[in-house]
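Trainee: I would like to learn how to read side-chain packing and charged pairs in a model. Please take them one at a time.

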Amino acid sequence: MKREFRLTRSSEFSSVKKCGKSFPHSIIVLIKLPNPDGLLRIGVSAGKAVGNAVTRNRAKRRMRASLSLLMKNIQPGWDLVFLARKPIVGADFDQIITA
């Protein structure tokens, strides 16, 4: 996923988490918020409940890789935050794409 499509600041993440609508799944939680600029920006996060730093970074890399395959199917005009859950550690790539 290209850097121009990423949410990078903690204030951006917190505003999406605070005001956005949440869609839970067993391995990923999606939170979306309309973007007034008409851009598509995506943030990926994994908390300490997922595992140690190596495990969290691996989970985030796998989520970004699956999102890069799906970018052309996502409508612009949204800020999206994807939160990893603990079961993502054992999930294969197809399950992440499906989620």
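Mentor: Start with contact, meaning heavy atoms within 4.5 Å. Leaving aside neighbours within four places in sequence, Met63 is in contact with Ile28, Val44, Ser45, Phe82, Ala84, Ile88 and Ile96. This is a predicted model: local features need pLDDT of at least 70, side-chain atom pairs count only at pLDDT 80 or more, and totals for chains, interfaces and linings use all residues. Residues are numbered from 1 along each chain as its sequence is written, and side-chain values use heavy atoms, with hydrogens and water left out.

Trainee: Which residues touch the most other members of the largest nonpolar core?

Mentor: In soluble globular proteins, nonpolar side chains tend to be buried together. A nonpolar core is a set of buried Ala, Val, Leu, Ile, Met, Phe, Trp, Tyr and Cys residues joined through side-chain atoms within 4.5 Å; buried means under 20% relative accessible area, exposed over 50%, partly exposed in between (1.4 Å probe, protein chains only). Here the largest has 17 residues, and Ile28, Ile42, Met63, Phe82, Ile88 and Ile96 touch the most other members. Another core, of seven residues, lies apart from it and includes Leu7 and Val16.

Trainee: How many salt bridges does a search of the whole structure find?

Mentor: A salt bridge is a side-chain nitrogen of Lys or Arg within 4 Å of a carboxyl oxygen of Asp or Glu. The search finds two. Arg41 pairs with Glu12, closest N and O atoms 3.2 Å apart, and with Asp79, at 2.9 Å. Shared partners join Glu12, Arg41 and Asp79 into one network.

Trainee: Is Asp79 buried or exposed?

Mentor: Asp79 is buried, with a relative accessible area of 6%. Glu12 is buried, at 18%.
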